[in-house]
Amino acid sequence: MDGCKARVMALVHSGSFHTFIREDKLPAGAMIIRAKEPKTFGLAETGTKLTAVGSVYVDVRLENHDINAYAFVAPNLSADMIIGAGEMQRWDITIKNDNGHTDDSYWP
């Protein structure tokens with residue numbers, strides 16, 4: 001939506017296929033597609049789940065690159081936003097790890 005902006009700290013996470021955003025980090029007026037039933041996702045820790053109440057399309061500026069992403073809206077997400085492997089593959093985002101040092105500014 002025009003003029004509908006918010007600043008978030010995004011975690012680029014290849015261990016998650018899907019992209020998630022915390023509901024309270026969406027800008028006022030964002031159009032959330034509410035699910036009839038919440039969708040649950042299993043997490044790495046046994047017995048833990050993440051619940052999404054809907055989805056949203058977001059335009060993201062990441063390292064001076066503009067991408068659009070389909071994100072699940074998760075009210076209890078611990079991070080502001082997680083950009084998952086699906087979007088990383090779609091937009092050719094690469095995280096380069098060099099002996100424990102991460103370079104997240106690599107774009108082909």
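Biologist: Among the elements of the protein chain, which has the lowest mean pLDDT?
Modeller: The protein chain averages a pLDDT of 85, and 89% of the residues score at least 70. Among its elements, strand 2 (residues 20-21) has the highest mean, 96. Where pLDDT is low, the predicted coordinates should not be read in detail. The element with the lowest mean, 63, is strand 8 (residues 101-103).

Biologist: Which strands stand at the edges of the open sheet, each with a single partner strand?
Modeller: Six strands form this open sheet with mixed pairing, and their order is 1-6-2-5-4-3. A strand that has a single partner is left without a neighbour on one side, and this is so for strand 1 (10-13) and strand 3 (33-42).

Biologist: Which residue of strand 4 does R34 stand opposite?
Modeller: Strands of a sheet pair through backbone hydrogen bonds, in either a parallel or an antiparallel way. Here strand 3 and strand 4 (residues 49-62) pair in the antiparallel sense, over six bridges. In strand 4, the residue opposite R34 is G54.

Biologist: Is A69 buried or exposed?
Modeller: A69 lies in strand 5, which covers residues 65-73. Leaving aside residues up to four places away in sequence, A69 touches V56, Y57, V58, E87 and R90. The relative accessible area of A69 is 3%, and because a value under 20% counts as buried, A69 is buried.

Biologist: How many Å apart in space are A69 and V56, C-alpha to C-alpha?
Modeller: A69 and V56 are 13 residues apart in sequence, yet V56 is among the residues that A69 touches. From C-alpha to C-alpha, their separation in space is 8.3 Å.

How values were computed: Residues numbered from 1 in each chain as written. Predicted model: local features only at pLDDT ≥ 70, side-chain atom pairs only at ≥ 80, totals over all residues. Heavy atoms only, no water. Pairing = 2+ DSSP bridges. Helix = DSSP H or I, 4+ residues; strand = E, 2+ residues; numbered from the N terminus. Buried < 20%, exposed > 50% of the residue type's maximum accessible area, 1.4 Å probe, protein only. Contact = heavy atoms within 4.5 Å. pLDDT = per-residue confidence, 0-100.
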